[in-house]
Amino acid sequence: MCLSESRKSESFALAKEQKVLEKLVDILAEENQITLAERVDLKERIKKYGGALRCGR
């Protein structure tokens with residue numbers, strides 16, 4: 001596998017992880033486990049940090 005193919009697969013894996021995290025946030029919100037404000041904050045963090053959610057940092 002060449003370097004560009006490796007980057008593409010990493011990119012694909014990251015995008016998939018982000019979608020899974022976003023779906024999890026949606027489910028938690030639907031089940032009233034998190035507030036709407038927390039939902040918005042988590043989705044912004046997922047987009048900004050690529051799924052690397054670190055609380056309070």
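This short talk walks through the salt bridges of the structure above.

What we have is a predicted model, in which local features need pLDDT of at least 70 and side-chain atom pairs count only at pLDDT 80 or more, while totals for chains, interfaces and linings use all residues. Residues are numbered from 1 along each chain as its sequence is written, and side-chain values use heavy atoms, with hydrogens and water left out.

The protein has two helices and zero strands, these being DSSP runs numbered from the N terminus (H or I, at least four residues, for helices; E, at least two, for strands). Of its 57 residues, 14% count as buried, meaning under 20% relative accessible area, with exposed over 50% and partly exposed in between (1.4 Å probe, protein chains only).

Searching the whole structure gives three salt bridges, each a side-chain nitrogen of Lys or Arg within 4 Å of a carboxyl oxygen of Asp or Glu. Let me begin with D26, which sits in helix α1 (residues 3-30) and counts as buried because its relative accessibility is 15%. The side chain of D26 meets that of R39 in a salt bridge, 2.8 Å from N to O, and this pair links helix α1 to helix α2 across 13 residues. D26 also forms a salt bridge with K43, again with the closest N and O atoms 2.8 Å apart; K43 lies in helix α2, so this pair ties together parts that are 17 residues apart in sequence.

The remaining bridge joins R45 and D41 at 3.2 Å, N to O, and both residues lie in helix α2, four residues apart, about one turn of the helix.
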